[in-house]
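Reader: I would like to go through the terms used for this structure and see what stands behind each of them. Please show it before we start.

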Amino acid sequence: MPRVLSGGTALSGEEDVISTDGGGRWEISYGEMDLDNIDLQRAWDAWTAHLAGGAQSVLVPILSLKTAPRPFAGSGLASPSDIYADDDVFPTEVRFASPHIVAVVGADAALRATTVEIVISQGAMIQHGVKFSIGKRGYKVGRVTARDGLSATCKISPPLREAIETGDAVNFDWPVVECRAGIGQDLASAITMGMFGTTSISFVEHITYG
C-alpha cells in the first residue's frame with residue numbers, strides 16, 4: 001500500500017513528499033487455487049462463510065521460504081520437514097513439524113522502531129529483502145546494517161507494530177500477518193460440471209493496538 005502523501009508541488013515544479021508514520025500495510029493475494037475435489041470445495045465454502053465478507057480477521061501466511069535464510073546440509077539447502085497443522089480446515093497453528101529456521105530477537109525494541117536485532121541459531125546469513133514475522137505482524141528486511149556471525153542488525157519495513165523483547169521468536173519458516181479479506185471481492189467459485197474450478201482471494205493487514 002502507498003506509504004507517502006504529496007505535500008504539494010512548488011513553483012519550481014518539485015513535489016514535496018511526506019512519509020506516513022504507519023509504513024504502509026500488507027496486502028497478500030493468492031490466485032489460481034485449484035478446487036479439484038469435493039473436500040477442497042467444501043473447505044473453500046466454509047472459509048468464505050468464516051471470513052464474513054472481511055469482518056473476521058485471520059492469520060495469513062507469507063509464502064517466502066524460497067528467499068528465507070535456509071540452513072545448508074551437505075552440498076545444498078536442507079529440506080524442511082512435513083507441515084504440521086492442528087486442524088485440516090480451520091487450523092490455529094501451522095508450522096513445519098521440525099523447525100527449519102530457528103531465530104530470536106537479539107535486543108528489546110520499542111513500538112514503531114525501524115531497526116531489529118535478529119539472532120539465528122539454525123539457518124544461514126540474513127540477506128536484504130527477506131521476510132519474517134514476530135507474533136502476528138509481518139516485516140521485511142530493507143537493509144542489513146551490521147553482522148556478527150549469523151546475527152544481524154536489520155532496518156525493517158514497516159516499523160514495528162508492537163514492542164518486542166529479547167528472546168521473542170522470529171518466524172522465517174512460516175511468517176504470518178493478521179489480515180481481513182479485502183472488501184468487495186466475489187468469492188463464489190465457478191465449479192465446472194460440479195467437478196473442477198479455480199478461485200482467488202486478497203487480504204489486507206488488520207492492525208489493532210493495545
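Reader: What makes S9 and strand S14 (residues 169-170) a pair, and in which sense do they run?

Author: Two strands pair if DSSP finds at least two bridges between them. S9 and S14 have two bridges, in the antiparallel sense, so they meet the definition. Val104 stands opposite Ala169 in S14. The model is predicted: local features need pLDDT of at least 70, side-chain atom pairs need 80 or more, and totals for chains, interfaces and linings use all residues. Residues are numbered from 1 along each chain as its sequence is written, and side-chain values use heavy atoms, without hydrogens and water.

Reader: Why is S14 called a strand?

Author: A strand is a DSSP run of E with at least two residues, and a helix a run of H or I with at least four, numbered from the N terminus. The protein chain has one helix and 17 strands.

Reader: How do you know that S9 pairs with strand S10 (residues 115-122)?

Author: Four bridges join S9 and S10, again antiparallel. One of the positions is Val105, whose bridge partner in S10 is Ile118.

Reader: Which residues make up the covered face of S9, and which the uncovered one?

Author: Ala103 and Val105 form the covered face of S9 (residues 102-105), Val102 and Val104 the uncovered one. In a regular strand, side chains alternate between the two faces of the sheet.

Reader: How much of the protein chain is called buried?

Author: Buried residues are 33% of the 210; the term means under 20% relative accessible area, with exposed over 50% and partly exposed in between (1.4 Å probe, protein chains only).
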